[in-house]
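Subject: Structure handover

Hello,

Here is the structure I promised to pass on. Please open it alongside this email.

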Amino acid sequence: MHNQVEEVPVLVVGAGPAGLTAATTLASYGVEALLVEKRAKPSTVPRATAVSTATMELMRSWGIEGSIRAGEIGVELRPWVTETLAAAAAGEAVDAGFPSREQSLLLSPTRPAGVAQDHLEPVLEEHFGSLGCGRLERGTAVTELKRRGDGFEVALVDDTGRQRSVHASYLIAADGPRGTVRPALGIGTSGPGEVGERRMALFRAPLWDLVGEHRYTIYFLTGKDPSAAFVPADRADRWIFASEYDPADAAALTPEGMTDAIRRAAGDPGLEPRFERIETVTFGVALADRFRDGNAFLVGDAAHRVTPRGATGLNTAIRDGHDLGWKLAWVLREWAGEQLLSSYEDERRPVAEHNAARSADPNGSIRDTGSALRADLGGRIAHLWVDGQEGRASTLDLLGPGLTLFTGPEAGPWAPAAASLGAGAPVELRPLDELSAQALGIRGGGALLARPDGQPVALWDRPAAHPGWATGSASAISTVSAEAFSRRESARQGRARAEIPAPIR
């Protein structure tokens with residue numbers, strides 16, 4: 001190791017969605033994180049193009065929903081099944097588990113968004129930078145990792161060749177399934193591993209003209225190549241095409257071979273696609289054997305590798321980053337004890353298991369909205385529009401960085417109890433009108449206590465009588481955990497539409 005060692009509270013390795021979310025969440029609590037990323041620039045590949053309800057609720061809470069929606073593709077978040085794009089008028093929509101606009105009005109103060117990842121990531125990065133807490137260093141890679149005391153000493157090298165070491169009390173690995181941190185920690189993976197390979201092209205061509213008014217998040221094709229699919233990446237006719245191919249076919253990955261495949265799948269022999277990149281993509285499913293090793297944590301693809309089926313990878317990664325971020329911030333701000341961190345894996349592993357199983361299912365792209373929403377939203381409190389001193393707001397908008405205590409109109413008896421927490425997580429008192437309180441399950445003079453992610457901690461039917469009524473300890477906060485949605489959801493996966501073609505989607 002090197003002589004001069006920089007001390008940082010948290011080192012986050014990887015500035016993809018999971019790492020950016022973790023660092024941003026920490027910064028929102030005033031906790032500095034050093035975020036390092038080996039890529040010199042943000043990725044320009046669209047990758048995921050569907051942002052879930054829960055993720056958009058987080059973006060709304062950060063005040064960046066509008067910036068995210070500025071990159072909306074303008075599609076229904078459902079697959080469209082058609083023989084070719086030119087025959088889209090004869091196709092049909094199937095359910096991928098995202099609520100419609102009408103359903104979203106009842107469920108949430110926001111709605112899911114069709115946004116490409118190469119638009120989302122720069123928005124997250126800009127927001128992280130605007131908080132003025134923590135920093136991002138691009139072109140910086142981890143070369144060595146050693147335990148030192150309760151933390152880690154990490155050797156870094158930047159793209160100029162400069163080497164240095166940092167000591168981090170906590171380490172967050174967000175560097176993907178092939179990153180350096182998980183293997184350095186000695187954490188293995190289990191699961192089926194690689195489950196498929198596709199050829200992929202990112203290109204521009206006037207395909208919106210072909211589909212007309214039938215604008216959807218993905219097009220599953222039933223024509224001559226039933227493994228083929230088109231995914232729109234923006235409103236300006238930037239598209240992804242993917243299909244199976246024969247590795248022995250020398251032309252399969254050439255511009256000429258891709259052009260022929262795209263023309264057949266689109267149903268337009270005159271198309272002239274302009275390619276940005278042509279490559280092969282290997283898909284796999286794997287779970288890390290554990291998501292934590294001492295003061296080191298795995299988030300996103302470093303913890304769980306999933307296929308594109310179901311569009312869960314991006315959203316699971318972001319929710320990982322937020323869950324770990326607020327819990328780690330609570331511990332560092334001494335709002336909770338170290339045991340709170342144990343709830344990270346307790347809560348996130350069942351979600352990862354559910355989504356990994358879905359992504360391994362050949363029909364994993366197809367799900368009914370109800371089951372998919374249970375996995376996405378978990379057991380967070382209900383969204384209700386309420387009127388208050390700050391105007392009309394959702395109950396989700398009223399959640400604070402600490403604990404939030406919802407009561408009925410007569411909140412007075414709860415004020416002394418809320419103030420009695422002292423050194424624990426702060427409690428914000430939120431009185432609601434009687435009907436709204438009842439809709440949250442609050443009866444009479446009772447109250448509901450919720451975490452910053454909206455998960456309920458406790459429900460009382462009368463004011464508590466002693467100072468320990470709501471503890472900041474992990475025993476009270478973490479027991480909400482993974483029971484928010486049932487592990488048995490995986491049993492429902494076999495009910496998907498069997499007649500839909502089953503490529504990696």
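Below are notes on the cores, the cavities and the aromatic pairs.

One caution before the findings: this is a predicted model.

**Cores**

Start with the largest nonpolar core. It has 81 residues. Val 10, Leu 11, Met 59, Ile 172 and Trp 330 touch the most other members. Helix 9, residues 313–332, gives the most to this core. Its share is nine residues. Another core lies apart from the largest one. That other core has 28 residues, including Ala 50, Ala 96, Phe 98 and Ala 228.

Leu 11 deserves a look of its own. Set aside its neighbours within four places in sequence. Leu 11 is then in contact with Leu 34, Val 36, Val 154, Val 166 and Ala 168, and also with Tyr 170, Leu 171 and Ile 172.

**Cavities**

The count is five cavities of 30 Å³ or more. The largest cavity has a volume of about 230 Å³. Its lining is made of 20 residues. Closest to the centre are Ser 52, Thr 312, Asn 315, Ala 372 and Asp 376.

Which helices each supply at least two residues of that lining? They are helix 9, helix 10 (342–360) and helix 11 (369–377). Helix 10 provides the largest share, five residues. By class, the lining of the largest cavity has eight nonpolar, eight polar and four charged residues.

**Aromatic pairs**

The whole structure holds 13 aromatic pairs.

Take Tyr 29 and Trp 335. Their ring centres are 5.8 Å apart and their planes are at 70°, so the pair is edge-to-face. Tyr 29 sits in the loop between helix 1 (17–28) and strand 2 (33–37). Trp 335 sits in the loop between helix 9 and helix 10. The pair therefore ties together parts that are 306 residues apart in sequence. Are these two residues buried or exposed? Tyr 29 has 7% relative accessibility and counts as buried. Trp 335, at 12%, counts as buried too.

Next come Phe 297 and Tyr 344. Here the ring centres are 6.1 Å apart and the planes are at 80°, so this pair is also edge-to-face. Phe 297 is in strand 15, residues 296–298, and Tyr 344 is in helix 10. The two are 47 residues apart, and the pair links distant parts of the chain. Both Phe 297 and Tyr 344 are buried.

Last, a cluster. Ring pairs link Phe 203, Trp 208, Tyr 219, Phe 230, Trp 239, Phe 241 and Phe 275.

Best wishes

How values were computed: Residues numbered from 1 in each chain as written. Predicted model: local features only at pLDDT ≥ 70, side-chain atom pairs only at ≥ 80, totals over all residues. Heavy atoms only, no water. Core = buried A, V, L, I, M, F, W, Y, C linked by side-chain atoms within 4.5 Å. Buried < 20%, exposed > 50% of the residue type's maximum accessible area, 1.4 Å probe, protein only. Helix = DSSP H or I, 4+ residues; strand = E, 2+ residues; numbered from the N terminus. Contact = heavy atoms within 4.5 Å. 1 Å grid on protein atoms, 1.4 Å probe; cavity = no way out; pocket = protein on both sides within 12 Å on 5 of 7 lines; lining within 4 Å. Points joined across faces, edges and corners; volume = space filled by probe spheres on them. Nonpolar A, V, L, I, M, F, W, Y, C, P; charged D, E, K, R; others polar. Phe/Tyr/Trp six-rings, centres within 6.5 Å; stacked < 30°, edge-to-face > 60°.
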